[in-house]
Amino acid sequence: MQTKAILAQADVISVLDAAQKEADSNSWPVTIAVTDDGGHLLGLRRLDGAAPFSAEVATQKARSAALGRKETQVFEEMINGGRTAFISAPLQGLLSGGVPIIVDGHVVGAVGISGVKPEQDVQIAKAAVSAIA
């Protein structure tokens, strides 16, 4: 039988804190979502000034990154590059800002950021993931 790493609550808090530190240092009002490897929400933090809508978007970005096992920017670029049929995929967060958390070569979860420009969402997400991966 195989075993796998999972995100503990302490890991989730580390990811949320690292993301908030990056967002705060740039005065970016965002929502941060962390999911497990199955896309199930483990933690959510909506910073002051972040639009309520961003909570759902961040969650869906994290879910898509976890289930797709890749950054959601890949999906957005695929669609923008002409593969519009991918819009019908059963995922909702196909925009930049979702990044998988990879430990020992396996996806253990993901982080999704929503609230600022796409490249800024990605910057925050990568800072968050670097806290534990």
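Visitor: In which helix is the place of Thr59?

Guide: This is a predicted model, in which local features need pLDDT of at least 70, side-chain atom pairs count only at pLDDT 80 or more, and totals for chains, interfaces and linings use all residues. Residues are numbered from 1 along each chain as its sequence is written, and side-chain values use heavy atoms, with hydrogens and water left out. Helices (H or I, at least four residues) and strands (E, at least two) are DSSP runs, numbered from the N terminus. The run of residues 53-68 contains Thr59, and this run is helix H2.

Visitor: Does Thr59 count as buried or exposed?

Guide: Buried means under 20% relative accessible area, exposed over 50%, and partly exposed in between (1.4 Å probe, protein chains only). Thr59 has a relative accessibility of 15%, and it therefore counts as buried.

Visitor: Which residues does Thr59 touch, not counting those up to four places away in sequence?

Guide: Contact means heavy atoms within 4.5 Å. With residues up to four places away in sequence left aside, the residues that Thr59 touches are Ala33, Thr35, Leu41 and Leu44.

Visitor: How does Gly68 count by its relative accessibility: buried, exposed or partly exposed?

Guide: Gly68 also lies in helix H2. Its C-alpha atom is separated by 13 Å from that of Leu95, 27 residues apart along the chain. Because its relative accessibility is 23%, Gly68 counts as partly exposed.

Visitor: In what order do the 4 strands form the open sheet?

Guide: Two strands pair if DSSP finds at least two bridges between them. Strand S1 (residues 31-36) and S4 run antiparallel and are joined by 6 bridges; strand S3 (residues 98-103) and strand S4 (residues 106-114) are likewise antiparallel, with 6 bridges. The pairing in the open sheet is antiparallel, and the order is S2-S1-S4-S3.

Visitor: Which strands stand at the edges of this sheet?

Guide: An edge strand here has a single partner strand, so one side of it is left without a neighbour in the sheet. The strands in this position are S2 (41-46) and S3.

Visitor: Which residue of S4 is the bridge partner of Val99?

Guide: In S4, 8 of the 9 residues are buried. Within this strand, Ala110 is the bridge partner of Pro100, and Val34 stands opposite Val111. The bridge partner of Val99 in S4 is Val111.

Visitor: What positive phi has Asp104 in the turn between S3 and S4?

Guide: S3 and S4 form a hairpin, with 2 residues between them. Asp104 is in the turn, and its phi is positive, at about 55 degrees.

Visitor: At what angle does H2 run to S4?

Guide: Axes are lines fitted to C-alpha atoms, for helices over the stretch in contact, and angles run from 0 to 180 degrees between N-to-C directions. H2 lies across S1, S2, S3 and S4, and its angle to S4 is about 155 degrees.

Visitor: How is H1 placed relative to H4?

Guide: The axes of helix H1 (residues 9-25) and helix H4 (residues 118-129) come within 7 Å and cross at roughly 140 degrees. The contact involves Val15, Ala18, Ala19, Glu22 and Ala23 of H1, together with Gln123, Ile124, Ala127 and Ala128 of H4. Angles under 35 degrees count as roughly parallel, over 145 as roughly antiparallel, 65 to 115 as roughly perpendicular and the rest as oblique. The placement of H1 relative to H4 is therefore oblique.
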